[in-house]
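Dear colleague,

I would be grateful if you could look through it before reading my notes.

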Amino acid sequence: MANDQDRMERIVSLAKRRGFIFPSSEIYGGINGFWDYGPLGVELKRNIKDAWWRDLVTNRDDIVGLDAAIIMNPKVWEASGHVGGFTDPMVDCKACNSRFRGDQVTVLALHFIPRGGPKGRASEDCYFSAVGSEDDVRAKHRKRIEKLQRSHPDQPGGWNPKHEVHALSWIRNPEAYAKVHCPDCDQVGTLTSPRAFNLMFETYAGAMQDSSSKVYLRPETAQGIFANYKNVLDTTRLKIPFGIAQIGKAFRNEINPRNYTFRSREFEMMEIEFFCRQSEADKWYEYWRDARFQWYVGLGLKGERLRLRDHKPDELAHYAKACADIEYAFPFGTSELEGIANRTDFDLTRHQEASGRDMTYFDDETKERFIPYVIEPSGGVDRAALAFLAEAYDEDEAPDEKGKMRKRTVLRLHPRLAPIKVAVFPLVRKDGMPEKARAIWAACREHIATFYDEKGAVGRRYRRQDEAGTPFCVTVDGQTNEDGTVTIRDRDTMKQERIAAEAVLSYVRDHLHL
Ligand SMILES: [Zn+2]
């Protein structure tokens with residue numbers, strides 16, 4: 001298929017055209033970093049959340065659910081470290097007013113040694129930059145770099161290939177910093193030095209708008225779980241190890257929302273805080289890391305596009321002892337779908353200190369009292385939805401009504417995730433076919449998501465369902481009147497077979513393994 005950028009554009013276009021994802025408040029020109037889910041998108045997202053909840057809460061006896069408020073007492077965010085430390089380095093361009101996250105701007109420093117000897121100091125330094133990787137910088141400034149290489153031929157005395165790569169926020173030397181090209185307008189020396197920018201959205205609770213009424217939209221769902229850990233422990237009979245699961249919205253005022261729905265300012269998370277003994281934390285960390293990876297594989301993310309990456313020690317957050325990312329190779333690059341972290345006893349200890357409440361667990365068998373360790377699998381619902389869409393998107397060829405081969409767009413979604421499981425059509429709107437098709441629709445829709453469509457040529461109706469990811473289409477035709485059978489068409493193979501009209505529901509259930 002087409003290259004990655006082209007593929008991404010086709011996915012975005014399909015998502016818009018078929019009602020999966022719309023830009024938020026589009027009639028007013030949209031708002032950067034916010035997205036809405038349309039009729040098919042909301043079903044896809046609901047199916048992802050339902051699969052997660054069923055697999056991790058309903059089908060287990062050691063995890064319970066929670067739904068905490070988005071706005072919490074601001075002391076929660078002081079204790080968790082978010083008020084002081086939840087920041088990104090922000091850089092502005094004084095010329096074009098563009099704003100960048102300093103750690104997302106790659107700067108390529110090229111040093112040129114004067115002709116006449118390798119011992120001389122670099123006479124000329126050039127700092128090219130782009131938002132993205134080193135390859136992005138090289139691609140953007142390819143012509144200039146080539147020109148510089150031509151004007152400094154031959155070693156020694158020519159271009160020194162020992163270039164350096166920095167992130168904008170890591171350049172400490174003001175002289176070097178002043179030579180960086182703005183990634184947007186390309187001017188030199190127009191960037192401000194990085195400033196810490198807190199990512200939490202602020203608002204006010206109550207009529208007074210002053211510091212005493214300032215509250216935050218939660219930047220993660222985890223703290224709602226930690227704050228309720230004792231309530232859950234006291235109202236259930238859970239014994240360690242056990243987990244608390246939550247799905248909900250979180251908000252981060254990202255400096256640079258980008259890559260479609262991947263990095264947005266309002267998003268939904270699926271998180272578990274799994275409480276265990278310190279001595280068993282490593283074991284549970286490995287368990288969750290592997291279990292979560294397999295969950296995505298089981299729902300259709302397979303092959304080389306999915307990978308598990310362990311963080312290096314210098315990448316770890318201050319509270320984490322170990323962390324791994326489940327990453328997916330999106331058309332725009334490989335990025336994190338879910339993180340699994342060993343958060344140690346950091347959060348509960350902080351909340352015990354800040355609130356004065358006892359956060360210990362008492363083991364009545366061993367008579368020990370301790371603050372549990374926490375393993376956290378934390379995934380993004382929107383990121384998962386985007387990965388499933390990207391994985392499912394495919395183009396092949398199918399015969400049209402006249403038997404001519406034409407391009408077909410198809411979403412090969414896992415049946416558990418497909419917004420519609422079966423679509424029912426009358427071949428034509430006469431001879432009692434619509435009545436029979438509606439009867440099948442009525443029998444199925446109580447149990448599975450079923451769609452009825454009688455408009456237009458049946459070939460076009462098939463194609464619309466292929467684009468929606470519907471695994472099966474059932475058609476009532478002339479033969480149905482004679483022997484009570486209908487055709488059932490498979491989305492992926494496009495093969496059709498005849499089955500009894502009464503058998504549609506059981507056939508779909510058997511074949512979808514729902
Ligand atoms: Zn600029």
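The notes below take up the metal site, the helix packing and the backbone.

This is a predicted model, in which local features need pLDDT of at least 70 and side-chain atom pairs count only at pLDDT 80 or more, while totals for chains, interfaces and linings use all residues. Residues are numbered from 1 along each chain as its sequence is written, and side-chain values use heavy atoms, with hydrogens and water left out.

Metal site. The zinc ion is coordinated at 2.3 Å by the SG atoms of Cys93, Cys96, Cys182 and Cys185. Donors are N, O and S atoms within 2.8 Å of the metal (3.2 Å for Na, K and Ca). Along the sequence, the spacing of the zinc donors is C-x2-C-x85-C-x2-C. The four donor atoms subtend angles of 103 to 115° around the zinc ion, and the arrangement is therefore tetrahedral (all angles between 85 and 135 degrees).

Helix packing. Helices here are DSSP runs (H or I, at least four residues), and strands likewise (E, at least two), numbered from the N terminus. Axes are lines fitted to C-alpha atoms, for helices over the stretch in contact, and angles run from 0 to 180 degrees between N-to-C directions.

Helix α2 (residues 39–58) and helix α10 (residues 281–298) have axes that come within 12 Å and cross at roughly 140°. From α2, Ile48, Ala51, Trp52, Asp55 and Leu56 make the contact, with Trp288, Arg292 and Trp295 from α10; contact means heavy atoms within 4.5 Å.

Helix α2 also packs against helix α12 (residues 381–392), at an angle of about 110° and with the axes 10 Å apart. That places α2 roughly perpendicular to α12 (65 to 115 degrees). Leu44, Lys45, Ile48 and Lys49 of α2 meet Val381, Asp382, Ala384, Ala385, Phe388 and Leu389 of α12.

Backbone. Most residues other than glycine have a negative phi, and most peptide bonds are trans. The peptide bond from Ile240 to Pro241 is cis, with omega near 5°, and Pro241 lies in the loop between α9 (229–235) and β12 (242–251). Asp186 has a positive phi, near 75°, and is found in the loop between α7 (174–177) and β9 (195–198).

With kind regards

Technical notes:
Angles under 35 degrees count as roughly parallel, over 145 as roughly antiparallel, 65 to 115 as roughly perpendicular and the rest as oblique. Four donors count as tetrahedral if all angles lie between 85 and 135 degrees; four count as square planar and six as octahedral if opposite donors are over 155 degrees apart and all others between 65 and 115; anything else is irregular.
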